[in-house]
Amino acid sequence: MADWLAALTRRADLRAKAGLTRRLHPRAAADAVVDLAGNDYLGLSTHPQVIAAAAQALSRYGLGATGSRLVRGSTEAHHALEDTLAGWLGTERALVFSSGYLANVGAVRALVRPRTLLVSDAHNHASLIDGCRISGAQTVVTPHADVAAVAAALAAAPGRPAVVVTESVFSVDGDLAPLVDLHRVAREHGALLLVDDAHGLGVTGPAGAGAVAAAGLAGEPDVVVTATLSKALGGAGGVVAGPAEFVRHLVETARTFIYDTALPPAVAAGVHAAVEVARTGDDRRAVLTERAATAVRRLRAAGLDVSTPDAAVVSVTAPSPQAATEWAAACRDRGVAVGCFRPPSTPDSRSRLRLTIGAGVPRADFEHALEVIVECAP
């Protein structure tokens, strides 16, 4: 009976030798670490208006939603948030899920019909990859941001329903997908375009409405947008936005919506308040742009291999998984939190530190963090 546990131990040992061990590090509420690892881009998780809205809803509804959205979990807070998100994103309707991961899995599955072909970017997030796998549809993985490869995949399947699946701002290197060209190619072949705008929403676009809006694709009938509410909005949950008919289809068929306990109403109310702050947050977005440029300039001047960010994600190449782990640990020991991305989390088997720029980090702390990253480099 212990054989299966021994097998798990052997696999853990192999991961450790490859520098792929993952550990949980508890964070205190009064943590003094400079955070370049979290996704609170606009600093809204601690915004007074956001906390007040969540606290008020907590006192009214209690801790949890008490059920799935179709049973007892769909509160006024959820519906108000959905209406506001749809208006912000420029879509007919929006539907809130309990996580961005479940929103992506549900959206991909709901877009699949018999004989559907999914064309998925090689750098897509795990939630999109899992959505493709769970859907059971044939999936063609195309090279990263390669519009010609997407066009070729669609041309090779004439007459079949198809969906082009991409992130907007990619979570690994922070580069922006060629959304306008992808939409053009998709439309030429009668395909739909699904865009995960998780790292674009709140950070880019008019009034922070995201990369899809920035590309002029908001509200297009052949475009579906997903996003998490846990990044620039500082909360939790996910959203799928698009044509009203598609959202109705999700309500009636998406297993990750139907069978999942709803997002807590207090979180929905807090995120709703965060949207209102984010819409008028051009000053915060300007800080992100300036700081991302500063990070690239300083780190490249130190001889590091750094990505060119299109939003607020900056990646720095590490020599190996073990080096990335040790680099991140050394930064943490000196009070700076950075993301550590290693295979299999990286689609190209390249290890990185990932820095997520936050407007809520004091300027002096941000400058100090860059110095620490350089000084701890392998």
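Visitor: What does S315 touch, leaving out residues up to four places away in sequence?

Guide: S315 touches V172, D173, D305, V306, S307, R352, L353 and R354. Touching, or contact, means heavy atoms within 4.5 Å. Keep in mind that this is a predicted model, where local features need pLDDT of at least 70 and side-chain atom pairs count only at pLDDT 80 or more, while totals for chains, interfaces and linings use all residues. Residues are numbered from 1 along each chain as its sequence is written, and side-chain values use heavy atoms, with hydrogens and water left out.

Visitor: Is S315 buried or exposed, and how do you know?

Guide: Buried means under 20% relative accessible area, exposed means over 50%, and partly exposed is in between (1.4 Å probe, protein chains only). S315 has 2% relative accessibility, so it counts as buried.

Visitor: What joins the side chains of S315 and D173?

Guide: A polar contact of 2.6 Å. That term stands for a pair of N or O atoms within 3.5 Å; within protein, one must be able to donate a hydrogen and the other to accept it, and residues adjacent in sequence count only if both atoms are side-chain atoms.

Visitor: In which strand is S315 found?

Guide: In strand 9, residues 313–317. Strands (E, at least two residues) and helices (H or I, at least four) are DSSP runs, numbered from the N terminus.

Visitor: On to T261. Why is T261 called what it is called, in terms of accessibility?

Guide: T261 comes out at 47% relative accessibility, so it counts as partly exposed. You'll find T261 in the loop between helix 11 (255–258) and helix 12. T261 touches G67, S68 and S98, not counting residues up to four places away in sequence.

Visitor: How far apart are T261 and S74 in sequence and in space?

Guide: They are 187 residues apart in sequence and 9.7 Å apart in space, C-alpha to C-alpha.

Visitor: What about T66: buried or exposed?

Guide: T66 has a relative accessible area of 68%, so it's exposed. T66 lies in the loop between helix 2 (48–61) and helix 3 (69–73). Its phi is near 70°, a positive value in a residue other than glycine.

Visitor: And R115, buried or exposed?

Guide: With a relative accessible area of 53%, R115 is exposed. R115 sits in the loop between helix 5 (100–111) and strand 3, and phi of R115 is near 75°, again positive in a residue other than glycine.

Visitor: What order do the seven strands of the open sheet have?

Guide: The order is 2-8-7-6-5-3-4, with mixed pairing. Two strands pair if DSSP finds at least two bridges between them.

Visitor: What makes strand 2 and strand 4 edge strands?

Guide: Strand 2 (93–97) and strand 4 (138–142) each pair on one side only.

Visitor: How do you know that strand 7 pairs with strand 8?

Guide: DSSP has to find at least two bridges. Four bridges join strand 7 to strand 8 (residues 238–242), and these strands run antiparallel. T228 stands opposite G238 in strand 8. Strand 6 (residues 192–196) is also joined to strand 7 by four bridges, but these two run parallel. There, V224 is the bridge partner of L194.

Visitor: What makes strand 7 mostly covered?

Guide: Six of its six residues, 223–228, are buried. V223, V225 and A227 are on one side and V224, T226 and T228 on the other, so both faces are covered by the buried definition.

Visitor: What is meant by a nonpolar core?

Guide: It's a set of buried Ala, Val, Leu, Ile, Met, Phe, Trp, Tyr and Cys residues joined through side-chain atoms within 4.5 Å. The largest one here has 63 residues, and L85, L233, W327 and V338 have the most contacts inside it. Helix 12 (residues 265–279) gives the largest share of this core, seven residues.

Visitor: Which residues is L85 in contact with, leaving aside neighbours within four places in sequence?

Guide: L85 is in contact with A94, V96, L229, V239 and V275.

Visitor: One last thing: what kind of peptide bond joins P343 and P344?

Guide: A cis one, with omega at about 5°. P344 is in the loop between strand 10 (336–341) and strand 11 (352–356).
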